[in-house]
Amino acid sequence: MAINASSHYRKCGKSLRAAEILKAIYIVNMASRKMKTAFHTTFGGVQRDLGHRDEAIDLAMIAHGLMSKDFRPCTLLGAIYMEGGQVSLGHEWYEKAIERGASEEAIDSELRIIFNRANHKDRQDIRKYLLQVDSRRFSWVKNR
């Protein structure tokens, strides 16, 4: 329930509250890898929201190590790296997410959000990279 609650807090811009809830959980008692993966991925997303990039990466990597076939840690890592200016690495993680079951449409939607939030220089870097990768799929970056 705490993982779901933190997701709702994040959606309404209260990531600090989500972090407080997740910090109170004693994950050693979690029996399933799936639950531990969800915890680390969610907490990684919270850390990303709060600007704690290194912590977000660490948590996402733990989640990926627990369930390497789950696409969710891959999408988190893709977003963190894209937002951090490591466009190629971010895209690699997004491609891994698609290989593991994430829809291309969902990934492209995330990329649009990241692109629209990026500063001018980062936007140029993302635009250039995505058009080199697939100018048809990412044609939407041309007009922005």
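Tutor: Helices here are DSSP runs (H or I, at least four residues), numbered from the N terminus, while strands are E runs of at least two. This is a predicted model, where local features need pLDDT of at least 70, side-chain atom pairs count only at pLDDT 80 or more, and totals for chains, interfaces and linings use all residues. Residues are numbered from 1 along each chain as its sequence is written, and side-chain values use heavy atoms, with hydrogens and water left out.

Beyond its neighbours within four places in sequence, His64 is in contact (heavy atoms within 4.5 Å) with Pro73, Cys74, Trp93 and Arg100.

Trp93 takes us to H6, where the buried residues are Val87, Gly90, His91, Trp93, Tyr94 and Ala97. Looking down the axis of H6, these buried residues fall within an arc of 160°, so they line one face of the helix; the arc is that of the directions from the helix axis to the C-beta atoms. An α-helix has 3.6 residues a turn, so residues three or four places apart point the same way. The cover over the buried residues of H6 includes H4, H5, H7 and helix H8 (120-133). Just after H6, Gly101 has a positive phi of about 120°.

Methods:
Buried < 20%, exposed > 50% of the residue type's maximum accessible area, 1.4 Å probe, protein only.
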